[in-house]
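Hi everyone, thanks for making time today.

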Amino acid sequence: PHHDGTVSSPSQINDLIPVTIYGASTSVGDPANLNANNIVPGSLRFARNFAPVAAGQTPQFVDDDADGLTDARFRFRTGSTGLTCSDTSTTIDGRLTTGQVFVDSDSFNRDCNAGCH
């Protein structure tokens with residue numbers, strides 16, 4: 001996320017990173033099925049430090065990409081992730097209520113004020 005703070009280390013950044021996990025269905029041409037309502041928030045681990053969902057943050061269930069499938073948006077504390085200004089991709093993994101484990105990765109655009117850390 002964009003950060004303009006004055007901290008000496010990325011691990012001290014308290015900003016929230018919103019991460020959307022998109023629902024998927026083979027019936028609409030996706031390679032796999034994923035019911036975002038079945039994600040167990042406590043099982044999610046994000047980025048190199050396997051950050052959990054930020055304390056006090058509840059998931060938002062929306063159709064973020066207007067495909068008729070529910071997507072889930074979670075928030076993670078920047079300082080917990082281990083991400084740096086040079087990172088442009090990362091991974092997330094978790095478990096569904098069905099017990100199925102999932103892992104995914106994606107690239108992102110960064111907006112980092114490296115002068116702050």
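**A walk through the model**

Let's begin with an open sheet of three strands, ordered β1-β4-β3, in which the pairing is antiparallel. At its edges stand β1 (16-21) and β3 (60-62), each with a single partner strand, so one side of each has no neighbour in the sheet. On average, neighbouring strands here are turned by 30 degrees against each other, with direction ignored. For that angle, axes are lines fitted to C-alpha atoms, for helices over the stretch in contact, and angles run from 0 to 180 degrees between N-to-C directions.

Before going further, a word on what we are looking at. This is a predicted model, where local features need pLDDT of at least 70 and side-chain atom pairs count only at pLDDT 80 or more, while totals for chains, interfaces and linings use all residues. Residues are numbered from 1 along each chain as its sequence is written, and side-chain values use heavy atoms, with hydrogens and water left out.

Two strands pair if DSSP finds at least two bridges between them.

With those words in hand, what is the overall make-up? The protein has one helix and six strands, and from the N terminus on they run β-β-β-β-α-β-β.

Back to our sheet for a moment. β1 and strand β4 (residues 71-77) run antiparallel and are joined by six bridges.

How many bridges link β5 and β6? Strand β5 (residues 89-95) pairs with β6 over seven bridges, in the antiparallel sense. Along that pairing, Gly94 stands opposite Phe102, and Arg95 has Val101 as its bridge partner. The hairpin of β5 and β6 has five residues between the strands, and there Gly99 takes a positive phi near 95 degrees. Towards β2, strand β5 pairs over two bridges, also antiparallel, with Arg45 opposite Asp93.

β5 has two faces: Thr90, Ile92 and Gly94 lie on the covered one, and Ser89, Thr91, Asp93 and Arg95 on the uncovered one.

Buried means under 20% relative accessible area, exposed means over 50%, and partly exposed is in between (1.4 Å probe, protein chains only). Of the 117 residues, 30% count as buried. A nonpolar core is a set of buried Ala, Val, Leu, Ile, Met, Phe, Trp, Tyr and Cys residues joined through side-chain atoms within 4.5 Å. The largest one has 18 residues, and Ile21, Ile39, Leu44, Phe46, Phe74, Phe76 and Ile92 have the most contacts inside it. Which elements give two or more residues to this core? They are β1 and β4.

Counting contacts as heavy atoms within 4.5 Å, and leaving out residues up to four places away in sequence, Ile21 touches several residues, including Leu34, Leu44, Phe74, Ile92 and Phe102.

Next stop is Ser43, in the loop between β1 and β2. Is Ser43 buried or exposed? Ser43 is buried, because its relative accessible area is 14%. Beyond its neighbours within four places in sequence, Ser43 is in contact with Asp93, Gly94 and Arg95.

Finally, the charges. Side chains of opposite charge can pair when their charged atoms come close. With a salt bridge defined as a side-chain nitrogen of Lys or Arg within 4 Å of a carboxyl oxygen of Asp or Glu, the count comes to two. One joins Asp87 and Arg48, with the closest N and O atoms 3.0 Å apart. This pair links distant parts of the chain, 39 residues apart: Asp87 is in the loop between α1 (78-81) and β5, and Arg48 in the loop between β2 and β3. Asp87 counts as buried at 10% relative accessibility, whereas Arg48 is partly exposed at 46%. Asp64 and Arg73 also form a salt bridge, at 2.8 Å from N to O. Here Asp64 is partly exposed at 37%, and Arg73 is buried at 17%.

Key. Helix = DSSP H or I, 4+ residues; strand = E, 2+ residues; numbered from the N terminus.
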